[in-house]
Amino acid sequence: MRRLACLVTTGLVVLLVALSPAVASGAVHSVGPAGATQPGRLKITIGSMSPRVVSANDTAVTVTGTLTNVGDRRIDQLEVRLQLGDAVTSENELRSAAGTVPTEQVPPFEPIDGSPGPGQSLPWSITVPLTGAHSLDITQPGVYSLVVNINGTPTDGGQTRLAAVHLLLPVLAAPHGPPVGKPASPARISVLWPLVDTRPRLVGSSAAGVVLADDALAGELAPGGRLYGLVDSVATVEAASPTDSALPASLCFAIDPELLAAVTGMTAGYQVRTPTGGMIAGHGEAVAKQWLARLRQVTSGHCVLALPYADADLVALSHADATDLMSLALRQSAALAHDLPAAQLITNVVWPADGTVDNSAMAALAKLGVGTALLASTATEPAGDTTAAIPASDTRALAVDGPTSAALTAGGSPADVTAGVATPVDEHAVATQSGLATLLYRALFDTANRQLLVAPPRRWNAPESELVEFLGTAQNLFTSQSATPLGLTALIGSTGGGSATLNYPPAAAGAEVPGAVTDAAVRLDGQLNDLLGAMNADHATPIDPGTLIDPLRLGLLGGMSSAWRGNPTGGDALGMVNLVRADQRTITGMVSVQQSELTISLAAKDSKVPLSVHNSLPVDINVRLSLSAESGLQATAVEPIRIPANNSYTAFIPVRVTRSGRFSVQTVLTTTGGTALGTTARVEIVSNAYGTIILVVTSIAFGALVLLSGRRIYRRIRAARQASTAAAPSPSPPASAGG
């Protein structure tokens, strides 16, 4: 069995924390023999452990590290010893081994030179024989609990236990003894190897390339970075056994398409958004090219499980009824075929965050073509480590090996509470040691389970040396024929296990991306879909409208990433959604009514108001245009208008005025579905036309004028007649007869 002398290249820090509310607050305490809580005084950093796995040729175990005084008093009489517990014999014992108190073999304490004052550090090392006097007395193979125990005397107290670190020590053969026998039925092991960024990075694009939220991804891709180690460790282990390496047959890479999209974009040059919203050039182009080439090399011909885009929180999307976004996240998985053309891509299998889904999410996934979900062994009822049918959704659940996954998860080990001291093991290197020990136990000492799907944490942050050690352990199991590699495709195709119901615990529900984020994402996605439906490719410049809208919808999935689970306020998740909203407003702002400096005069009660609409988008867009209501002015919305790309169009809006005067109205410009476009433009209108009331009043006045004028004329004619009659001469009397 190959060993690494270095357990932690970056150091393993274990703080003494009282088993009390102080654990959550991060306060450091130690507990004396009387049980009274005292201020914390000591921090341990474990530097190395050798051997990692005991074989017949090993005679002793050596552990080294550093002590740091984090209290305010000097510590004297420091001493260290190793204690070994019984070999575990069951899965329950394996899970609790890190919390038990080994008492079977108690070698003597060994002094540590020095008395560190506050803030001072000093190295320590201890070597204990495996057999003989003052040894761990290992006589047979097994997986044992090993404790590093530190005592000391603070200047204000007596001798007390100051720190304890639990490790799991696998023993494949006692010193000079026979190795553990090969199982009669070797375990079939499949390993899921996650390549997921710690957070989504893509936040847009520019003429200079893709835009990332920050440039931290460049560091992760470079030598010494987390993602570099995940890829390079596979290449290193495979290169160590170039002719008989069985590791690739058992390994399946679980890859987030968003990570590949970001890295691919980086290879062509990229921009980084600054905290103030500006842009600067990224510096990871070279390392991105190197990492992508190495990834294509190790995945060539091998299994790749495509995760949902941005590792979206599928259950949260289901609860928000965001079926469109769920579908987009799963469809985008197929894009990995472009970035990794030689890989064997699996797209109809999901590995949900925390390994849990509920019935509604599973039913939605089944409708979208998902046939199998990789779930935690406790995510089904009854719990199990095999495949099981989920009758309610016509899908299958494939259980991930619970003990190994729990051991590999940093912080997953129980706390040591010996003598009142609680020391949570919260570091990735210790978790890796526990993980490889658990894997060996499951393969060599536990005959109950012969089919194992091993899945480390999806954002595993162990040093590369630890990754190599873990993969080397699996490789040695295959080389020694103590286990056989099993491809994920074959594992998915296996039968058996009966049926089961889903178990979605309250803790998983509480960790979902919060409703404030999902609601905002769903609303914005509806507007983006409407905007896309209003767009058409222009015949002169045939650009697919999807190239404008799809990146924004993918950005919404970044806001729904499982990276944000456990944050009840939304935080950065809501920030990602707000970035998409800003980009959407930029696009809608490119279609607007041109503000006129002139006042429009209407000469009739029924007229048309000319409005100029400009489209700066590279695609055609269908819009609706109207004027806001105003007292005395009624506007009619015109039929949808298609505005050509990079062009203007003058539309005439029918209006009717019911009074003369001045009107100040707002333009209303939307897509055909109602999404607002551009900014509001104000139109000034003056009407000189008569309205209905004025027409009636004028008619009445005209009638009255006619009547009054007629009456006056009649009177004048009558008076004239009377005057003419009065002026006529009276007739003369007849003359009398003369005689």
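Reader: Where does D321 lie?
Author: D321 is in the loop between helix 8 (314-319) and helix 9. Helices here are DSSP runs of H or I with at least four residues, strands are runs of E with at least two, and both are numbered from the N terminus. This is a predicted model, in which local features need pLDDT of at least 70, side-chain atom pairs count only at pLDDT 80 or more, and totals for chains, interfaces and linings use all residues. Residues are numbered from 1 along each chain as its sequence is written, and side-chain values use heavy atoms, with hydrogens and water left out.

Reader: What is phi of D321?
Author: Phi is near 55 degrees, a positive value in a residue other than glycine. Most residues other than glycine have a negative phi, and most peptide bonds are trans.

Reader: Is D321 buried or exposed?
Author: D321 is exposed, because its relative accessible area is 63%. The cut-offs are under 20% relative accessible area for buried, over 50% for exposed and partly exposed in between, with a 1.4 Å probe and protein chains only.

Reader: Which other residue has phi near 50 degrees?
Author: N646 has that value, again positive in a residue other than glycine. N646 sits in the loop between strand 33 (641-643) and strand 34 (647-657).

Reader: And the peptide bonds: which ones are cis?
Author: One of them joins S50 and P51, with omega about 0 degrees. P51 is in the loop between strand 4 (42-50) and strand 5 (60-69). The bond from E381 to P382 is also cis, with omega near 5 degrees. P382 falls in the loop between strand 21 (380-381) and strand 22 (387-390).

Reader: Back to helix 9. How do its axis and that of helix 18 cross?
Author: The axes of helix 9 (residues 323-331) and helix 18 (residues 546-559) come within 10 Å and cross at roughly 100 degrees. Each axis is a line fitted to C-alpha atoms, for helices over the stretch in contact, and angles run from 0 to 180 degrees between N-to-C directions. The two helices are therefore roughly perpendicular to each other. Angles under 35 degrees count as roughly parallel, over 145 as roughly antiparallel, 65 to 115 as roughly perpendicular and the rest as oblique.

Reader: Which residues make the contact?
Author: Helix 9 contributes D324, L325, L328, A329 and R331, and helix 18 contributes R553, L554, L556 and L557. Contact means heavy atoms within 4.5 Å.

Reader: What is that by class?
Author: The contact of helix 9 with helix 18 has six nonpolar, no polar and three charged residues. Ala, Val, Leu, Ile, Met, Phe, Trp, Tyr, Cys and Pro count as nonpolar, Asp, Glu, Lys and Arg as charged, and the others, Gly among them, as polar.

Reader: New topic. How many aromatic pairs are there?
Author: Three, from a search of the whole structure. One of them is Y441 with F445, which is stacked, at 6.3 Å centre to centre and 25 degrees between the planes. Rings of Phe, Tyr and Trp (its six-membered ring) pair if their centres lie within 6.5 Å; planes under 30 degrees apart count as stacked, over 60 as edge-to-face and the rest as tilted.

Reader: Where do Y441 and F445 lie?
Author: Both are in helix 13 (residues 428-445), four residues apart, about one turn of the helix. Y441 is buried, with a relative accessible area of 2%, and F445 is partly exposed, at 25%.

Reader: Which pair is edge-to-face?
Author: W460 and F470 form an edge-to-face pair, at 5.8 Å centre to centre and 85 degrees between the planes. W460 lies in the loop between strand 24 (451-454) and helix 14 (464-479) and F470 in helix 14, so the pair ties together parts that are 10 residues apart in sequence. Both W460 and F470 are buried. With W193, they form one aromatic cluster.

Reader: What touches S405, leaving out residues up to four places away in sequence?
Author: V400 and A455 do. S405 is in helix 12 (residues 402-408) and is buried, with a relative accessible area of 15%.

Reader: And the whole protein: how many helices and strands?
Author: There are 20 helices and 36 strands. Of the 739 residues, 50% count as buried.
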